Amino acid sequence: MRLILTGDLHLGRSSSRIPDTVGKENLRAGSAWNRIVDLAIKQDADIVCLSGDIADQTNKFWEAIGPLKFGIQRLTEYGIRTVAVAGNHDFDVLPELADQLPSDHFTLLGREGRWERTTIELKNGEALNIDGWSFPSAKVSVSPLNSYDLESDPHVPTLGMVHGDLFKSNSPYAPLQLNRLQSSGPTGWLLGHIHAPELISGESWVLYPGSPQAFDPGERGPHGPWVVDLKNGSFSLPVQHPISTVRYLQSSIDLSSVNDRSELHSTILQKILAEEEDIHLKADPFLVHTSLRLKLHGHTSVSRFVNETARQLVADLDLPSITVDKIVNLTLPAISLEEYAGTDSAAGAVAKLLLQLENNDISEPVSELIRSTTEKLSRQNRSENYGVSVAQEASDEMTIEYLISSGKALLTQLVSQTNE
Ligand SMILES: [Mn+2]
C-alpha cells in the first residue's frame, strides 16, 4: 500500500517576495495541488492523506473548492482515495466540501473534534487504520491527545492524522506532545500546521510534511509531499518529493578577512553565484525560482560600507533564476566588544547589550527590553498584515535577532563617528 502524505496546501495562497517576471500561475498553491495529484497517479498510490489547512480561509472558499474537487475526482478515476483532517484555517470549509463528495472518494475524519477511525483494505489483503482528529473551531488550546481513546489494533497498522503544534506547549492551535504521540498506538503520525518540513524518526515516525509550495522566506529548503509504503504491516520511512516551484534559501558569509570595498563586493557576489550553481546541480525538476537571504557577519574594517555595497549589489543583480530577497548586516568594525563594554560611553552600553544577547546571558533589564520589543514587533506585523486572518506573532528568537542587528548597526555608526 502506498500513501502520499501532505498538508498545509493553503489553496488560495501564492509564494511571496518573488519577482513579477515569474508567472503568477507558477506560484499558486492550486498549481502545487495539481502536481501532487500527478505525483500520486505516477507513483501508483492508493491513498492521498491531507493533514489540514487545505483551504487558506473561508473567503478563499470558492478559489479552493474548484481545484480541490477536480483533483479529488482525477484521483478517484485512478482508484486513489483522499483522506483528510481539518486544520485551524479550514475547520468550517472542509466539512462543507466533504458533504459534496462521495465518502469513499473523500473522507474527512474527526469532525467536531472527535477522534475517528477509518479502515482501508486493498484487494491484496493489505489493511490500514487511519485515526484522525479535525479542528472544531479556529482555536483549540487543549491537546487533542487528551481525548484520543481509539483502541490500539494489534492486527492492523495505524496512521494517526492531526493538525496541531508540537513546538509550543501553550499554543492556541492544538498543542501536541512528542512523547505522547510516540507512545500511542499509531506507528506513523502525519501532522500539519508547521510549514517547514520535519521528519522525526524513532520506533514510530512523526512527520510535518510542510507546505508543498513554499510561501515565504521563513519556509526554507525543499518543499513537497512525502511518499510512504506499507509492507507486511509496517511503514517505510517517508521520502520527500520536491514539487515547489520556489525555493527560499538562507546563507551566511563571514567577512572577517575582507579588507576593502572591491573585495567586499566580489565576496558577496561569489557567494550568490555559488548558491545559484549549487541549486542548478541539484536539478529539482519543478524549480523555477530561488530567493536568497544573506546574513553577513564578522569583524571587518569595511563594516560601515556593507549596507551601501549590499544595497547596490541587490539592485544591480540581474540573474534569471535567483534573487536576493534581503541582506542582513550583522558585521561589526574590527574592534573588541569586550574592550568597548568596559568603557563608560554610548558605544560601551551597546557593546554590553550585544554581549548579553549573543552569549545568551541575559539580565533583568535586557529581558524586559526583549519582552517590550516583541510586543512592538507583533503589533507592527499585525498592522502590516491587516488583510490576513492570522498575522505572524513575533517570537523572542526573532526579537533577539532584530536587537542584535540593530545594535550592531548602531555600534558601527558610533565607532565610525569616534574615529573620524
Ligand atoms: Mn494551521
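Me: How many residues lie between β9 and β10 in their hairpin?
Reply: Four residues lie between β9 and β10 in that hairpin. Strands are DSSP runs of E with at least two residues, helices are runs of H or I with at least four, and both are numbered from the N terminus. The model is predicted, so local features need pLDDT of at least 70, side-chain atom pairs count only at pLDDT 80 or more, and totals for chains, interfaces and linings use all residues. Residues are numbered from 1 along each chain as its sequence is written.

Me: Do β9 and β10 run parallel or antiparallel?
Reply: Strand β9 (residues 198-200) and β10 run antiparallel, joined by three bridges. Two strands pair if DSSP finds at least two bridges between them. Glu198 has Tyr208 as its bridge partner in β10.

Me: And what joins β8 to β10?
Reply: Three bridges join strand β8 (residues 188-192) to β10, and these two run parallel. Opposite Leu190 stands Leu207 of β10.

Me: Are the residues on the two faces of β10 buried or exposed?
Reply: In β10 (residues 205-208), Trp205 and Leu207 on one side are buried, as are Val206 and Tyr208 on the other. A residue is buried if 20 or more other C-beta atoms, placed from the backbone, lie within 10 Å of its own, exposed if 12 or fewer do, and partly exposed in between.

Me: What is the strand order in the open sheet?
Reply: The order of its six strands is β5-β6-β7-β8-β10-β9, with mixed pairing. The edge strands, each pairing on one side only, are β5 (116-121) and β9. Neighbouring strands are turned by 20° against each other on average, direction ignored; the axes are lines fitted to C-alpha atoms, and angles run from 0 to 180 degrees between N-to-C directions.

Me: How many bridges does β5 share with β6?
Reply: Six bridges pair β5 with strand β6 (residues 127-133) in the antiparallel sense. Within β6, Gly132 is the bridge partner of Glu116.

Me: Changing topic: which domains are assigned?
Reply: The domain assignment gives domain 1 (2-240) and domain 2 (248-419); such bounds come from an automatic or database assignment. Their centres, taken over C-alpha atoms, are separated by 35 Å.

Me: How many residues does each domain bring to the contact?
Reply: Domain 1 contributes 12 residues and domain 2 contributes 12 residues, where contact requires C-beta atoms, placed from the backbone, within 7 Å.

Me: Lastly, in which sense do β15 and β16 pair?
Reply: Strand β15 (residues 289-299) and strand β16 (residues 322-332) pair in the parallel sense over 10 bridges. Lys295 has Val328 of β16 as its bridge partner.

Definitions and conventions
Two residues are in contact if their C-beta atoms, placed from the backbone, lie within 7 Å.
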